[in-house]
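Subject: Structure handover

Hi,

Here is the structure I promised you. Please open it first, then read my notes below.

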Amino acid sequence: MMRRSLLAAGLGLPLVARAEGGGAPIFAAGATQDAVTELQRGLRATGRPMPGALFDTVGAIRDRILAGERPAVTLLSAEAIRALEGRGLLVAGAVAEVGRTGVGLAAPAGRPAPEIGTAEAFRATLLSADSIAVADPERGATAGRHFFAVLDRLGLSEALRPRLRLVPFGGEGVDMAARGEVALAVSQATEILRRPGVQLVGLLPEELNLWTAYRVAIVQDGPEARALFALLTGEAARDAFAHSGFIPADGPQPVRR
């Protein structure tokens, strides 16, 4: 009940409900999808207008805004937010951090979790997998780009190339793992933690991991944007981001699985 009240209070200004897609008022990176969806469910439960959201890779969302699309707000990595700020495409002073996450490894639920606690164990697990889903780095996927850099670092790029299953979006790879179509999937941990049918094997070993901070920012100012910004930075949002696995930017690193 308290959560519903907080959600309702977070949208004190009127909103026009929009369908998901190009006209959505929220453009968000896939790492934030679970948290945003939780907020949307809370709005639906209270009978409030539910803002639509478009989810894609950080690079794809950034490029859509650079190309001229103007959502009310956007949720992207700190790096992408800085790039948009540098082009003068965000409202000055209307940027806030929502938390950070690391790159994780997913496997189908109900199976023994492989060991990835050290670089050596992680390398062995990758070599033993017959298929690994990962978001296409060419589409600007944060976890995908980092994973390919890790493969280069470990000297595994050529050995694993035939086993990689490139997907447009990290969440699609996690869904493939949930359906048992791949042995492993790589994505931000927040795209794995609460997804049905999969288990978060763990974060990449610390020396191989990438921590990414995410921020919300107003793109097109107005009452709707201000209401959404308030929602996405309010108490209910902090709970939703924590539930999906985000940790505060200045908080301790989570216990590794």
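Start with Leu 76. Leaving out residues up to four places away in sequence, Leu 76 touches Ala 29, Val 58, Ile 61, Arg 62, Ile 81, Leu 84, Ala 213, Tyr 214 and Arg 215. Contact here means heavy atoms within 4.5 Å.

Some ground rules. This is a predicted model, where local features need pLDDT of at least 70 and side-chain atom pairs count only at pLDDT 80 or more, while totals for chains, interfaces and linings use all residues. Residues are numbered from 1 along each chain as its sequence is written, and side-chain values use heavy atoms, with hydrogens and water left out.

Now the cores. A nonpolar core is a set of buried Ala, Val, Leu, Ile, Met, Phe, Trp, Tyr and Cys residues joined through side-chain atoms within 4.5 Å. Buried means under 20% relative accessible area, with a 1.4 Å probe and protein chains only. The largest nonpolar core has 45 residues. Leu 76 is among those with the most contacts inside it, along with Val 73, Leu 75 and Val 216. Helix α9 (residues 223–233) gives the most to this core: five residues. Helices are DSSP runs of H or I, at least four residues, and strands are runs of E, at least two, numbered from the N terminus. A second, separate core has 23 residues, including Ala 107, Ala 119, Val 150 and Leu 204.

Next, helix α10 (residues 235–243). Its buried residues are Ala 236, Ala 237, Ala 240 and Phe 241. They sit on the same side of α10, because they cover an arc of only 130 degrees around the axis. That arc is taken from the directions from the helix axis to the C-beta atoms. Just after α10, Gly 245 has a positive phi of about 115 degrees.

How many aromatic pairs does a search of the whole structure find? Two. Rings of Phe, Tyr and Trp (its six-membered ring) pair if their centres lie within 6.5 Å; planes under 30 degrees apart are stacked, over 60 edge-to-face, and the rest tilted.

- Tyr 214 and Phe 246: centres 5.7 Å apart, planes at 80 degrees, so edge-to-face. Tyr 214 is in strand β9 (residues 211–218) and Phe 246 in the segment after α10, so the pair ties together parts 32 residues apart in sequence.
- Phe 241 and Phe 246: centres 5.4 Å apart, planes at 85 degrees, so edge-to-face.

These ring pairs link Tyr 214, Phe 241 and Phe 246 into a cluster. Phe 241 is buried at 2% relative accessible area, and Phe 246 is buried at 5%.

Best wishes

Terms used
Buried means under 20% relative accessible area, exposed over 50%, partly exposed in between (1.4 Å probe, protein chains only).
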